[in-house]
Amino acid sequence: MTGAKAKQEHTCLKESNLHKFSLAGNYFVIDPASGAVHIADKQAFDLLDKVKPSFFERYSGIDGGCYSELYNLYKDGLLFSEDSRYNYQSYAETAVDAPLKALCLHVSHDCNLKCEYCFADSFVNQAECCGESSQMSVETAKQAIELLVRESGERVVLEADFFGGEPLMAWETVTAAVDYARANESKWGKTFRFTITTNGLLLDDDKIAYINEQMSNCVLSLDGRKSVNDRVRPAHNGKGSFDLVIDKYKKLIQSRTKPGFTDCYVRGTFTAYNLDFSEDVIELARLGFENVSIEPVTAAADDLPYAIRREHLPQIYKQYERLFRLIKSRRLKVNFFHFNIDLKGGPCVIRRLRGCGCGNEYLAVAPSGRIYPCHRFAENDRWHMGGVSIGPHEIDIKKYFAKTHIYSKTDCPDCWARFYCSGGCNASSYEVYSDCRVTASDSVECLMMKKRLECAIALNALKLK
Amino acid sequence: MDNNTKTQNTHIKTVTGASLKETAEKGGCGKCRTSCQSACKTSCTVANQPCER
């Protein structure tokens, strides 16, 4: 028997039913199907490369030994579990279209910034060319709220987020929609949660007060260091936006004290221009922002100068690891959004089968009132689902997304991260593969996701240790 | 088992047991928040959402 063949026969590390990784001198073992997370020593960590379930069926080992500990975990269903053991797939197979619970309202397809990487540049600041208003009317916004209520079935808590473009450019529409919903929520038997995502340019004292009174979540866009931000987030005059928003953001956050309305993230994007993005997280923390999210850029093509490419991954991994070490040691006191994970709770497995629920539980509405599965599909005729006054009438699209889950995607069933990322972004799959159900677990997007997850799991596992 | 494993084992310690499989029977109420996996919005992993039941 050749060495290679022997290795093949004695190694059973199938990624779908066991994942192990080391980080900062610690050894972590994940049993994806059961949700179990273990911290191992080097001996147990290495032994997992050599054992497989059939061994445990034949031999229990010597009490107290390393193998015996693994054997006991296997027998308790905490190692090498299979999804079939828990019959998770039956929940996916019986999935049906669900009531609506969230709407993304594109109240404005105008924007007062010209960000180099804008994912929506096909329609932002373009809509007027098509002879349509780029701003949602008050009437359309109210119809969107009615749509959400009408399609929500027995769900009580409903979500609406104001997105764009820049939503503050349609402020009258935002406040009219919120006021309309608040005035009627008792009558409708619903409770609304509002979120707004803004670039901050048009914030003033009145808008800050309104947002802090009405929006249960607020996302403030800023990319970190002034030099980084201003390179990719210029205003229409070409000048950077950092100085125009920084004091407004601080003021908004300082006055955001209403119970239940304190969620607020400063959200940035990293690109190929700032592969040292841990510095941007550090800078945002230094500026006093406690809740920070820095996301990898979404690029329409790999050859765009700001696009994240495969060769960038080693540097990106180091950035996540650096953030892990800084946060773990409390040298960096920041709530980094991507490192939040609840290992002992979190959503149920049924929720984790389908991710965001776009096109089914979650829809987006363009300024015209046209409905799409989510903001990424906006103004794409292929995915036009109807209008706010009567829709969504494209039931086939809704059913399609109801059946789009980790077991109907190509690579997800065999990926260890399936119950953490829930199959990733359907729109990203469509953009890259022209098919929402095609995923590639070795894609740059998935690899970054898995690295973030490893750091998040490690950070929280060490807290529980 | 979880606690015993945690205290008795010397080579591998379980920090969280079968947290996921325990949710299967009582889950699916749909009360949790919507998450967005797209990087242009939040690139949220579902796992960092709270259960609201």
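Two rings of Phe, Tyr or Trp (its six-membered ring) make an aromatic pair if their centres lie within 6.5 Å; planes under 30 degrees apart count as stacked, over 60 as edge-to-face and the rest as tilted. Searching the whole structure turns up 27 such pairs over all chains.

A quick word before you click: this is a predicted model, where local features need pLDDT of at least 70, side-chain atom pairs count only at pLDDT 80 or more, and totals for chains, interfaces and linings use all residues. Residues are numbered from 1 along each chain as its sequence is written, chains are lettered from A and ligands numbered from 1 in the order in which they are written, and side-chain values use heavy atoms, with hydrogens and water left out.

**First stop: two Phe pairs.** Select Phe162(A) and Phe194(A): their ring centres are 5.8 Å apart and the planes sit at 20°, so they are stacked. Phe162(A) belongs to strand β5 (residues 157-163) and Phe194(A) to strand β6 (residues 191-198), 32 residues apart in the chain (strands are DSSP runs of E, at least two residues, numbered from the N terminus). Both Phe162(A) and Phe194(A) are buried, meaning under 20% relative accessible area (1.4 Å probe, protein chains only).

Now pick Phe270(A) and Phe277(A), another stacked pair, at 3.9 Å centre to centre with 5° between the planes. Phe270(A) is buried, at 0% relative accessible area, and Phe277(A) is buried at 0% too.

**Last stop: a cluster.** Highlight Phe56(A), Tyr59(A), Tyr67(A), Tyr71(A), Tyr74(A) and Phe80(A), and you have one aromatic cluster on screen.

Terms used
Helices (H or I, at least four residues) and strands (E, at least two) are DSSP runs, numbered from the N terminus. Buried means under 20% relative accessible area, exposed over 50%, partly exposed in between (1.4 Å probe, protein chains only).
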